[in-house]
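Please read the following points with the structure open beside you. They are meant as a colleague's notes.

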Amino acid sequence: MNKVIISVLGQDRPGIVAAVSKILFRQNCNVENVSQTILQSEFAGIFIASMPADLSLENLKESLLDELHRIDLHVQIKSMQDQDPVFASIEIEPFVITTKGPDRKGLVAGITEIIANHGVNITNLQAVFKGGDEPGDNIMIYEVDVPVGVDQKALDNELRQRAKALSLDISIQHRNIFEAINRI
Amino acid sequence: MLTDREIISTLEMLESENLDVRTVTLGINLLDCASHDVNKLKNKIQSRITHFAKHLVTVCDKIGQKYGIPVVNKRIAVSPMAVVGAALSSSQLIDVSKTLDAAAAQVNVDFIGGFSALVEKGIARGDRALIEAIPHALSATDRVCASVNVASTRAGINMDAVLLMGNAIKQAAELTAHRDGIACAKLCVFANIPQDIPFMAGAYLGIGEADAVINVGVSGPGVVKKAIDRALESNPNLDLGRISELIKKTAYKVTRVGELIGREVAENLNIRFGVVDLSLAPTPHVGDSVGEIFQSLGLLSIGVPGTTAALALLNDAVKKGGAFASSKVGGLSGAFIPVSEDLNISEAAREGYISLEKLEAITSVCSVGLDMVAIPGDTSEDTIAAIIADEMAIGVINNKTTAARLIPVPGKRAGDSAYFGGLLGQSTILPVNNAQGANHFIRLGGLIPAPIHSLTN
């Protein structure tokens, strides 16, 4: 069965998910996964849906673009190959990297560069910059999967050095500690 | 996916509330090292300890770093030396204490406990030799800790042993007079001593334990205090039932940390995991104090009227939260009130809010007992023994652990300051009231019988 992935962007308001899913339902598509988030006032949603055999990607794309543009939403759609995720086959250890420090440009770029260089995958990122120098107002939380083969010490050292250069306090901790403390 | 709240609150506990793992204590069974030949015994002890403990410190540090939680102390607890060295003389046992000290230094642990005897019902030859060896052993070594169990709910109180301990404490203080009697800080007298305490000076590996075991002592008085402060700030009318609930939840979190670290250390060392001791253990630092919790609960200071009730609430809530968090809870598991080791309690002693009598009273509702209490150097051994006997009676009758770690500071009087340094802290010397005259009672000796287990009122 063909699958499609649809991303929707636009100013947040009631009815966005309803509008998208209504079109999918009308076209006889089955929604398999949805994730949405709101950053400040903007909505972003990703839908994975399976299409019936008699529906072409072009036809679905046309109806989505047509109807969603009318309500001022940006849509991207592409077909999805059924394949194993690249990272799934690697044995990993989940860690959480947290930074706090005064807001300035290049913080995310500075930290993620090192994470990427070590082949570490970010699985969730929450960054809130309220601006100013109050460390607690400017926090980045990266949940990452560190492949078992990665030189943990080198990764640690590089992250700490970079954090220092960016005036950030950094913590690097195995994810289990947060689950142990907070969850029953 | 974790929530940002979960992550940020955990980081706060670690960064500003002094949450740490206070100790990972490796228990090592030395019973089969026993020998008539002291050199053989020493060699066996040395190789046994270094074999089991050689990676202890590096593994603790590695795992501490992995989780961002420091393991502050790494310690060893061994089988009671009075049993292992039952065939030895007092001077040979002093020699053995130096071997323990050297082995502890070699594997870089902070303390080694187990220079211990269990004499609640009677004193065997080896026990007597060990008790006689204690003052010299503790003054000749840095890391060795001693404990003697002189009473239990099943056996009663061995008053002959209590008197011997009064003498041992006095001697230990004199032998380290130049350091305010610091040897006494490494000596605990117990009633109902548990077999799996990870904290010093009471840690030893019980006779019923395996070859090796990892026990963990958590800490976190600062976390409890901050949780109470935050809750009362957002709702000043919070009642004590709700505060107890809050302490339970906080103790749960602290205990989970200890269990996670302990299990992983045990797994890495390929040693069985024993227990988490969920005691609130303070240090002489601001924000890491049990005493401060009393102030957060609205008391002027620890020691004022209301203290016993507040401590009862605190201790019970900690136990309930901890017992829910882990099915492997043991050791002392309660709130400690070591006077010199807790900056706030030490301050209460200086300002006169807390007395020896009030300390004794509150030990009926908490672990452990009269802990790190500096008393005048001229306190007689009979008086020291009598204070111990009182403390033991509280434990024996109430079916709980109690202990006395008293330091008669040589050459100093009540109101003077005693300095022990490091985690042992410092304290104003508390007066021992009404201790004049001869104490014939304490010299009568014998056994105070075990208490009746019915008609409990």
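1. Helix H3 (residues 107-117) of chain A lies across S5, S6 and S7 of chain A. The helix H3(A) runs at about 10 degrees to S7(A). Lying across rests on contacts, and two residues are in contact if their C-beta atoms, placed from the backbone, lie within 7 Å. Angles run from 0 to 180 degrees between N-to-C directions, and axes are lines fitted to C-alpha atoms, for helices over the stretch in contact. Helices (H or I, at least four residues) and strands (E, at least two) are DSSP runs, numbered from the N terminus.

2. This is a predicted model, in which local features need pLDDT of at least 70 and side-chain atom pairs count only at pLDDT 80 or more, while totals for chains, interfaces and linings use all residues. Residues are numbered from 1 along each chain as its sequence is written, and chains are lettered from A and ligands numbered from 1 in the order in which they are written.

3. How confident is the predictor in chain A? The average pLDDT (the predictor's confidence in each residue, from 0 to 100) is 89 for chain A, and 95% of the residues score at least 70. Confidence in chain A is highest in strand S1 (residues 3-11), at 94, and lowest in strand S6 (residues 121-129), at a mean of 87.

4. An open sheet of four strands in chain A has the order S6-S7-S5-S8, with antiparallel pairing; two strands pair if DSSP finds at least two bridges between them. S6 and S8 of chain A are the edge strands, each pairing on one side only. From one strand to the next, the twist averages 15 degrees. Eight bridges join S6(A) and S7(A), and Asn124(A) stands opposite Glu143(A) in S7(A).

5. Chain A is divided into domain 1 (3-80) and domain 2 (92-182), with bounds that come from an automatic or database domain assignment. Taken over C-alpha atoms, the centres of the two domains of chain A are separated by 32 Å.

6. Another open sheet of four strands in chain A has the order S2-S3-S1-S4, with antiparallel pairing. Its edge strands are S2 (30-39) and S4 (74-80) of chain A. S1(A) is joined to S4(A) by seven bridges, and Ser7(A) stands opposite Gln76(A) in S4(A). Helix H1 (residues 16-26) of chain A lies across S1, S2 and S3 of chain A, at about 20 degrees to S3(A). Helix H2 (residues 57-70) of chain A lies across S1 and S4 of chain A, at about 165 degrees to S4(A).

7. Which element gives the most to the side of chain A that touches chain B? The contact takes 17 residues from chain A and 16 residues from chain B. H5(A) gives the most to the chain A side, with six residues.

8. In chain B, why is strand S6 (residues 187-191) largely enclosed by the rest of the structure? Five of its five residues are buried, where buried means that 20 or more other C-beta atoms lie within 10 Å of a residue's own, exposed that 12 or fewer do, and partly exposed in between. Leu187(B), Val189(B) and Ala191(B) cover one side, and Cys188(B) and Phe190(B) the other. S6(B) pairs in the parallel sense with strand S4 (residues 144-152) of chain B over five bridges, and in the antiparallel sense with strand S10 (residues 402-409) of chain B over three bridges.
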